[in-house]
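Biologist: Can you take me through this one? I would like to start with the contacts between the chains and then move to the metal.

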Amino acid sequence: MSCEAVQEELTERLLTPGAPGPEHWDPALRTHVQACTACAGHVQFLRALTTSLASAGAAALAPAHIAQSRARAVRALRAHRPSRAFGRELVGAVVVLALGLPLAVAQAWLIAQGAAALLEPLLPEAVLIALGVFYAGTFLLMVGTLYAFVPLWVAAVRRARMEVP
Amino acid sequence: MESDEELMAAVARGDERALGILVERHTPRLHAHLTRMTGSGDDAEDLLQETWLRVARGARSFQEGRPVRPWLFGIASNLARDFHRRRSVRRHVRHDASPGQTPPGARPLETIALRDRVRRLPDRLREILWLRFYEGFTEAEMAEALGIPRGTVKSRLHGAIRELKRGWEGRG
Ligand SMILES: [Zn+2]
């Protein structure tokens with residue numbers, strides 16, 4: 001056995017906490033160390049090193065920190081569930097908006113009827129039609145924009161939930 | 001008791017209880033490792049939280065059957081290395097990182113000197129020595145944790161030992 005091989009073997013053995021003592025070493029290794037000053041010196045160095053490393057106490061961690069880590073990790077896990085959750089939230093939002101749609105249309109219709117009754121004696125028919133088209137266009141644009149924001153809004157809600165304080 | 005690998009497989013399916021057990025089981029050792037790596041208990045706490053967030057976020061893509069402990073320490077080590085790079089704290093690593101340790105006067109000078117030499121080792125050598133000594137990682141586990149070949153682990157470990165021994169032999 002070369003000194004290099006012996007010293008590598010000694011490093012492996014002595015750096016293992018709780019490793020068996022020299023009495024359990026391979027006889028060839030033990031004999032070499034007893035006869036070789038360099039390798040005996042290596043053992044002495046490794047002992048000093050492990051004593052030094054072992055003397056460093058570990059910083060204590062408050063149980064509250066473990067609980068905090070746990071809570072945040074669980075929240076992050078929940079937020080990273082498969083995107084089915086996103087689909088569900090999206091469907092929910094669309095259903096709510098769809099239920100509200102007849103109400104919005106009815107209200108817009110009533111306003112249009114009232115305005116038409118008021119303006120009919122005052123304005124020519126062509127202007128009334130143009131105003132009607134403008135009103136309907138504005139209404140559709142507003143409802144369309146609102147609906148286009150649904151996925152964005154759902155994504156923002158999910159992101160906020162994902163973000164951990 | 002469920003193994004880490006069983007728990008991680010459950011976490012990958014979204015099991016919050018399994019994640020909780022893993023956090024409870026590994027947080028103290030991860031914290032000790034990060035404290036050594038950063039030299040500061042407070043920084044270690046921040047990186048610890050980030051480690052678990054990454055675990056939770058990466059859970060679904062976790063490859064089943066992969067050893068969990070090296071993976072966890074790999075995430076923590078990467079974060080600590082990035083932290084060093086960002087803050088370049090290597091030069092002024094605080095020495096008050098271990099509240100539980102004995103005051104310097106109570107230890108032989110040789111012990112203190114060796115620990116200082118360990119602190120001054122390059123990161124890549126130091127973390128190998130720490131994973132080996134404090135976590136009892138095998139060569140294969142260290143290779144898995146750090147994403148390097150086993151041969152590199154071996155050469156770094158022996159490189160660290162040579163470096164420290166040189167200083168130790170020249171002491172006095
Ligand atoms: Zn020898």
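Modeller: A term to begin with: a salt bridge here is a side-chain nitrogen of Lys or Arg within 4 Å of a carboxyl oxygen of Asp or Glu. The model is a predicted one. In it, the side chains of E24(B) and R70(A) form such a bridge, at 3.0 Å from N to O.

Biologist: How many salt bridges does the rule find across the interface of chain A and chain B?

Modeller: Three salt bridges cross between chain A and chain B. Over all chains, the count by this rule is 18.

Biologist: What does E12(A) pair with?

Modeller: The side chain of E12(A) meets that of R132(B) in a salt bridge of 3.5 Å, N to O. R132(B) sits in helix 6 of chain B, residues 123–133, and E12(A) in helix 1 of chain A, so this pair joins two chains.

Biologist: And polar contacts, how many residue pairs across the interface?

Modeller: The rule finds twelve residue pairs in polar contact between chain A and chain B, with both residues at pLDDT 80 or more. On the side of chain A that touches chain B, helix 1 (3–14), helix 3 (37–54) and helix 4 (63–79) each supply at least two residues.

Biologist: How much area is buried between the two chains?

Modeller: About 4,000 Å², with carbon and sulfur atoms giving 65% of it. In chain A, F45(A), L53(A) and L77(A) lose the most area to chain B, together 16% of what that side buries. As for residues in contact, 42 of chain A meet 47 of chain B.

Biologist: Now the metal. Which residues coordinate the zinc ion?

Modeller: The donors are SG of C3(A), NE2 of H32(A), SG of C36(A) and SG of C39(A), at 2.1 to 2.3 Å. Their spacing in sequence is C-x28-H-x3-C-x2-C. C3(A) in helix 1 and C39(A) in helix 3 of chain A are 36 residues apart, a pair that links distant parts of the chain.

Biologist: What geometry does the site have?

Modeller: Tetrahedral, with angles of 99 to 118 degrees among the four donor atoms of the zinc ion. The ideal angle for four tetrahedral donors is 109.5 degrees.

Definitions and conventions:
Residues numbered from 1 in each chain as written. Chains lettered and ligands numbered in written order. Predicted model: local features only at pLDDT ≥ 70, side-chain atom pairs only at ≥ 80, totals over all residues. Heavy atoms only, no water. Contact = heavy atoms within 4.5 Å. Buried area = accessible area lost by both parts, 1.4 Å probe. Polar contact = N/O pair within 3.5 Å; in protein donor to acceptor, adjacent residues only side chain to side chain. Helix = DSSP H or I, 4+ residues; strand = E, 2+ residues; numbered from the N terminus. Donors = N, O, S within 2.8 Å, 3.2 Å for Na, K, Ca; no water. Tetrahedral: all angles 85-135°; square planar, octahedral: opposite > 155°, others 65-115°.
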